[in-house]
Amino acid sequence: MLENGWVEEVRGLLEEGVSSKAPGMESLGYAEVIQLATGEIDLEQAGETIALKTRQYARRQRTWFKARDTSLSIDPREFEFKNVLGAWNDFNMRSD
């Protein structure tokens, strides 16, 4: 993503006046891309930091999901909206 336009996209947003503190700019990796776009860090450092933070985030997600019953099964033969919605509602009632 760093080599396919992410930096240019962020640079353009910043030039248009979008704040670096805007909600979308606080997503995973954007702080590093902003630093890269403004010359505070180089491409290698940005890539390494983004990869590290992504792994850390994934680890926290796995930990969170392990602590919960997150299985939701839907029989594909009954794949109608009302059935999917009903299964989702039942699942959410168990999670609370």
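Glu 32 counts as buried because its relative accessibility is 4%; buried means under 20% relative accessible area, exposed over 50% and partly exposed in between, with a 1.4 Å probe and protein chains only. The residue is found in helix H2, where helices (H or I, at least four residues) and strands (E, at least two) are DSSP runs numbered from the N terminus. Leaving aside neighbours within four places in sequence, Glu 32 is in contact with Ile 41, Ala 46, Thr 49, Ile 50 and Lys 53; contact means heavy atoms within 4.5 Å.

The model is predicted: local features need pLDDT of at least 70 and side-chain atom pairs count only at pLDDT 80 or more, while totals for chains, interfaces and linings use all residues. Residues are numbered from 1 along each chain as its sequence is written, and side-chain values use heavy atoms, with hydrogens and water left out.

**The chain**

The secondary structure comes to four helices and zero strands, in the order α-α-α-α along the sequence. Of the 96 residues in the chain, 18% are buried. Among contacts between residues at least 6 apart in sequence, 35% join residues at least 24 apart.

H2 is mostly covered, with six of its eight residues buried. These are Tyr 30, Glu 32, Val 33, Ile 34, Leu 36 and Ala 37. H1 and H3 are included in what covers them. Just after H2, Gly 39 takes a positive phi of about 80°.

Axes are lines fitted to C-alpha atoms, for helices over the stretch in contact, and angles run from 0 to 180 degrees between N-to-C directions.

| Helix pair | Angle | Axis separation |
|---|---|---|
| H2 (residues 30–37) and H3 (residues 43–66) | about 175° | 9 Å |
| H1 and H2 | about 80° | 9 Å |

H1 and H2 are therefore roughly perpendicular to each other; angles under 35 degrees count as roughly parallel, over 145 as roughly antiparallel, 65 to 115 as roughly perpendicular and the rest as oblique. In this contact, H1 contributes Trp 6, Val 7, Glu 9, Val 10, Arg 11 and Leu 14, and H2 contributes Tyr 30, Val 33, Ile 34, Leu 36 and Ala 37. By class, nine of these residues are nonpolar, none polar and two charged. Ala, Val, Leu, Ile, Met, Phe, Trp, Tyr, Cys and Pro count as nonpolar, Asp, Glu, Lys and Arg as charged, and the others, Gly among them, as polar.

H2 and H3 pack at about 175°, which makes H2 roughly antiparallel to H3. Glu 32, Val 33 and Leu 36 of H2 meet Leu 43, Ala 46, Thr 49, Ile 50 and Lys 53 of H3. That contact has five nonpolar, one polar and two charged residues.

**Core and aromatic pair**

The largest nonpolar core has 13 residues, and Leu 2, Trp 6, Val 7, Val 10, Val 33 and Leu 36 have the most contacts inside it. A nonpolar core is a set of buried Ala, Val, Leu, Ile, Met, Phe, Trp, Tyr and Cys residues joined through side-chain atoms within 4.5 Å. H1, H2 and H3 each give two or more residues to the core, and the largest share, five residues, comes from H2.

The chain has one aromatic pair. Rings of Phe, Tyr and Trp (its six-membered ring) pair if their centres lie within 6.5 Å; planes under 30 degrees apart count as stacked, over 60 as edge-to-face and the rest as tilted. Trp 6 and Tyr 30 form an edge-to-face pair, 5.2 Å centre to centre with 80° between the planes. Trp 6 lies in H1 (residues 6–15) and Tyr 30 in H2, 24 residues apart. Both Trp 6 and Tyr 30 are buried.
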